[in-house]
Amino acid sequence: MTTHHPESATKSTPVPTSLFAAERSAEIVADSFAATPDPRLREILGSLVHHLHAFAKDVDLTVDEWAAGIRFLTETGHTCDDTRQEFIMLSDVLGLSMLVETLANPAQDRYTESTVEGPFHMVASPPRALGDSIDEAAAGGEPCLVTGRVTDADGAPVAGASVDVWQADADGFYDVQRPGEVPDRNLRGLFTADDDGRFHFRTIVPRHYPIPTDGPVGGLLRATGRHCYRAAHIHVQVSSPTTRTLTTHLFVADSPYLDSDAVFGVKESLIRTFAEVDDPERAAAHALPNPFRHVDFPVTVQRTGT
């Protein structure tokens, strides 16, 4: 008869908690980043892993769907070049760009609201004198005078503020989309506000336009039945040594797609009427044909440290 000795019984080996298991997948992977020296990077990666795994479980993601997603992201990267950033467009059409921009720049009813920089700020704007025209192609479009004043929340002028502007032409194209057809850096300009914070320049009324649809982002829009158009606008980026940089848009009030902008960039406070002006003397003073369109766009920026 065999005598049973408890100490000789086979002891079960505990299963390491780091082994992968679907029910604890997010916790297991997040724990692998626990030693990340940068606490902010550790926080972001942990949250990303938890949300990403929750998404896959929520939709019961299949292997084929996962592979299709990887191919889509790979194609998105391959579409990027020196003048086109397909990943920014992807972020834009998913509304992520607008969310991040808005969270980073709360207007608090005191400042001009921000919006996305967009994928076409890939070329440095040429410095121009106040009153200059940014339309070097002269290929049509309604002549327009843009005026404005940069102030802080107390109404004090931001003397010498840099005002960087860029826009699409009357056919809905940026210069980088028409190389060899229009002058380099057409419809772009970097202006310096005067001592009272004022700026003005000549241009043409921009047209609504489609974002490029010949890449993966265009395919995504077609697959989901969404249009690819942006409401007509002028990009405006204002900066100075004493203020936070503001990236915003000046939207044309009668433009289509204001309520369905492809990148969710429209905010009501940024919509302006480009009024028709019939005044020969004023037109001559600004070297514009008569009649012309005029829009005033005062900009309120936040002082650094406030």
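1. Strands β2 and β3 run antiparallel and are joined by five bridges. Across this pairing, Trp 166 stands opposite Arg 188 in β3. The model is a predicted one, in which local features need pLDDT of at least 70 and side-chain atom pairs count only at pLDDT 80 or more, while totals for chains, interfaces and linings use all residues. Residues are numbered from 1 along each chain as its sequence is written, and side-chain values use heavy atoms, with hydrogens and water left out. Helices (H or I, at least four residues) and strands (E, at least two) are DSSP runs numbered from the N terminus, and two strands pair if DSSP finds at least two bridges between them.

2. Strand β2, residues 162-167, is also joined to strand β7, residues 233-240, by six bridges, and this pair runs antiparallel. Here Asp 164 has Gln 237 of β7 as its bridge partner. Five of the six residues of β2 are buried, so the strand is largely enclosed by the rest of the structure. Buried means under 20% relative accessible area, exposed means over 50%, and partly exposed lies in between (1.4 Å probe, protein chains only).

3. Both pairings belong to an open sheet of five strands, with the order β3-β2-β7-β8-β9 and mixed pairing. The edges are held by β3 (188-192) and β9 (271-272); each has a single partner strand, so one side of each is left without a neighbour in the sheet.

4. How many salt bridges does a search of the whole structure find? The search finds 11, a salt bridge being a side-chain nitrogen of Lys or Arg within 4 Å of a carboxyl oxygen of Asp or Glu. One of them joins Arg 303 to Asp 152, with the closest N and O atoms 2.9 Å apart. This pair links distant parts of the chain, 151 residues apart: Arg 303 is in the segment after β12 (299-300), and Asp 152 is in the loop between β1 (143-151) and β2. Arg 303 is partly exposed at 23% relative accessibility, whereas Asp 152 is buried at 7%.

5. A salt bridge also joins Arg 230 and Asp 261, whose closest N and O atoms are 3.1 Å apart. The pair again links distant parts of the chain, with Arg 230 in strand β6 (residues 229-230) and Asp 261 in the loop between β8 (243-252) and β9, 31 residues apart. Arg 230 is buried, at 3% relative accessibility, and Asp 261 is buried as well, with a relative accessible area of 5%.

6. Arg 128 forms a salt bridge with Glu 136, and the closest N and O atoms of this pair are 2.9 Å apart. Arg 128 counts as buried at 15% relative accessibility, while Glu 136 is partly exposed with a relative accessible area of 39%. Elsewhere, Arg 84, Glu 86 and Asp 214 are linked in a network of salt bridges.

7. Ser 97 lies in helix α5, residues 96-104, and counts as buried at 15% relative accessibility. Its side chain is joined to that of Asp 92 by a polar contact of 2.6 Å. A polar contact is a pair of N or O atoms within 3.5 Å; within protein, one must be able to donate a hydrogen and the other to accept it, and residues adjacent in sequence count only if both atoms are side-chain atoms. Leaving aside neighbours within four places in sequence, Ser 97 is in contact (heavy atoms within 4.5 Å) with Ile 88, Ser 91, Asp 92 and Val 116.

8. In helix α6, residues 216-223, the residues Pro 216, Val 217, Gly 218 and Leu 221 are buried. The buried residues of α6 pack against α3 and α4 (86-93). After α6 comes Gly 225, which has a positive phi, near 70°.

9. Which residues make the nonpolar surface patch of about 780 Å²? They are Leu 48, Leu 52, Phe 55, Val 59, Leu 61, Val 63, Trp 66 and Ile 70. Patches are made of residues with over 30% relative accessible area and no salt bridge, like charges being joined within 9 Å and nonpolar side chains (Val, Leu, Ile, Met, Phe, Trp, Tyr) within 5 Å; accessible areas come from the Shrake-Rupley method with a 1.4 Å probe, and for residues only the protein chains shown count as cover. Helices α2 (39-59) and α3 (63-79) each supply at least two residues of the patch. Helix α2 gives the most, with four residues, and Leu 52 is in α2.
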